[in-house]
Amino acid sequence: MNIFAMLAKNLRLGIQTIRFPARPPVTAAFRGLVRFDPALCSGCAMCRFRCTARAITFTAGKSTFTWSYDPGQCTFCGRCVEGCKDHALSQDSACPPVYLTIGTLKKAYTLQRKPPAEKAAAPPDPSHVSPPGAS
Amino acid sequence: MNLAIAMARLLLFPGLLFAVPAAWFFLWVERKSVALMQQRIGPPFPQPMFDFVKLLGKSTPPRRGIDGFLMRMWPLISVSASATAAGLLPVLPARGGFEGDLIFLIALLEIPAICIIAAGFSSRSMFGEIGSAREAVLTVAYNVVFLLAILSIAASQHTFRLEALAQLPVTPLRYIGLLAILICLPAKLHINPFSLPNAEQEIYSGPMTEYAGAELAMWQLSHGMEWVASCGLVATLAIPQFSHWAVNVLAFGVLSLVLVLLLSVLAAATARLAIDTTVRFYWKCTLVFACLILIAFVSSSFMQEVRS
C-alpha cells in the first residue's frame, strides 16, 4: 500500500519537470564546461592525451601551438583538468549552455610556445672533487 | 433494430464518431495521469491525435507476399472489430439491439487479441513471436474469468440481450460479475501489471515491433477503441438506466472516465508480473469467482423459493 501513498504524495508535490530554458540546480562539485587559461598553459598536450572523447585537439608548431576544445563532443569527465600539471584547466559548476548549431561553443587558442624553464644548476658532487692543480 | 438505427449506432454514437475521439481522449487521460503520478508533465491534450496523424503520413516498409498482406490486414480487422464493439454498447435505451448481442460483443472484443497474436507471428520477428506467444497465454488465462463473469451476469437475468441487461436492476451477482470483468481489464488492455505482450524493456513492443506508419496508427486507434468498448461495457452494466437520454450518456461518460483513471492508477502503482505468476493469478481468480457466483446463485434461488 506504500506505493499508493507515494503516488498521492507525487500528485500533491506537483510536476518536477523543469521547462526550458530553466536549468536544474547543481552542486559545487558539478562538472560543467572546461575553462582554459592560456597564461598558464605550457603546451604539454597532456589534456589531449587524456581526452577520450576527442573534445580537445592540439596542433603543435615550431614556435606556436593551437589548443581547441569542443563542448559538443565533451563528456565532462574531468580527466583533462585532473591531468593538467600547470592548472590551466578548470571546470564550471553549472550546466553547459544549450546550443543550436554544431560547433557554436567550440573555442581555439593559438599560443606562443614558452621557452623551456632554465634548469637549476646542479649542486657540486662532493665525491668528485677535482684534484688540486687539475684545470 | 432497423438498418437506420444500426448504422447510426455504428457510425455516430456510440460508434465511430464518438469512439474515435473518445479513444484518443482515454489514451491521453491514461498517459497524462500516469505522468502526473510520476511527477512528469505528460503529453498535451491532442497528442494521441497528433501521433495518429503523424503516423498516417509516414511510409511503411514494402512487404511482399501473403505475410505482407496479412500484416496490413490485421490492424484493419482489429480497428473494425473494436469500432463495432463500441457501436453495440447500449448507452441509449430503446435504440436497438438484438437477442444475443452480448455474445456478439464478447466475440468482437476478442478479435483484437487474436489479431495481435496473428500479427506478431506474421511479422516473423523474434520479439513479435515472443509477444504473440505471451498474448496467447494471457488471453487463455484471463478469458476464463471474463467469460465466467459475462455468463453469470447473463444467466442470472435470463437474457443475452445487452439492452435488456442494461435496463434490468443491478443484482449482487451482477456486481460480482462486474468485479471479475474489472480484474480482467488490465490484461485485456495490456497495462501493468499484465503488460506482458508489449513489454518494452524486454521485447521492444512485442507483436508491434515490425509495424510502422499507417499500420501502427491503426493499431493505436484499435487499442484506444478497446479502452472505450471495455470500459463502456462495464459502465453500461454498472449504471442504472435513466429516463432521459442525456443523463444516460453523461453517466456512461463519467463512469468510463473513472474506470480509465482507476486503471491508470493501477498501471502506475504496479510493476510487470511474469507470465507464470499472471496465469496462476487468473486461475486462482477463476476458482474464487466460481465459488462466489455459485454461492450467489444458490442463495438467490433459496430466497426466491422462500418468497414463493
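Mentor: Let's start with H4(B), whose buried residues pack against helix H1 (3–11), helix H2 (16–37), helix H5 (101–122) and helix H10 (213–238) of chain B. Helices here are DSSP runs of H or I with at least four residues, strands are runs of E with at least two, and both are numbered from the N terminus. Keep in mind that this is a predicted model: local features need pLDDT of at least 70, side-chain atom pairs count only at pLDDT 80 or more, and totals for chains, interfaces and linings use all residues. As for labels, residues are numbered from 1 along each chain as its sequence is written, while chains are lettered from A and ligands numbered from 1 in the order in which they are written.

H4(B) covers residues 65–87, 23 residues in total. From first to last C-alpha the helix reaches 34 Å, close to the expected 33 Å; that expectation is 1.5 Å times one less than the number of residues. Its buried residues include Met71(B), Trp74(B), Pro75(B) and Val79(B), and also the run from Ala81(B) through Ser82(B), Ala83(B), Thr84(B), Ala85(B) and Ala86(B) to Gly87(B). Buried means 20 or more other C-beta atoms within 10 Å of the residue's own, exposed means 12 or fewer, and partly exposed is in between, with C-beta atoms placed from the backbone.

One of those neighbours, H5(B), takes us on to helix H6 (residues 126–156) of chain B: the two axes come within 8 Å and cross at roughly 170°. Axes are lines fitted to C-alpha atoms, for helices over the stretch in contact, and angles run from 0 to 180 degrees between N-to-C directions. Among the residues making the contact are Leu102(B), Ile106(B) and Phe121(B) of H5(B), and Gly128(B), Glu135(B) and Ala154(B) of H6(B). Contact means C-beta atoms, placed from the backbone, within 7 Å. By type, this contact has nine nonpolar, five polar and two charged residues. Ala, Val, Leu, Ile, Met, Phe, Trp, Tyr, Cys and Pro count as nonpolar, Asp, Glu, Lys and Arg as charged, and the others, Gly among them, as polar.

Further along chain B, Ala199(B) sits in the loop between helix H8 (172–188) and helix H9 (200–203). Ala199(B) is partly exposed, because 19 other C-beta atoms lie within 10 Å. Leaving out residues up to four places away in sequence, Ala199(B) touches Gly206(B) and Arg272(B). Arg272(B) is 73 residues from Ala199(B) in sequence, yet 8.1 Å away in space, C-alpha to C-alpha.

And the other chain? Nine residues of chain A are in contact with nine of chain B. The chain A side of that has six nonpolar residues, three polar and no charged. Chain A itself has three helices and five strands, in the pattern α-β-α-β-β-α-β-β. Buried residues make up 10% of its 135 residues.

Notes:
Contact = placed C-beta atoms within 7 Å.
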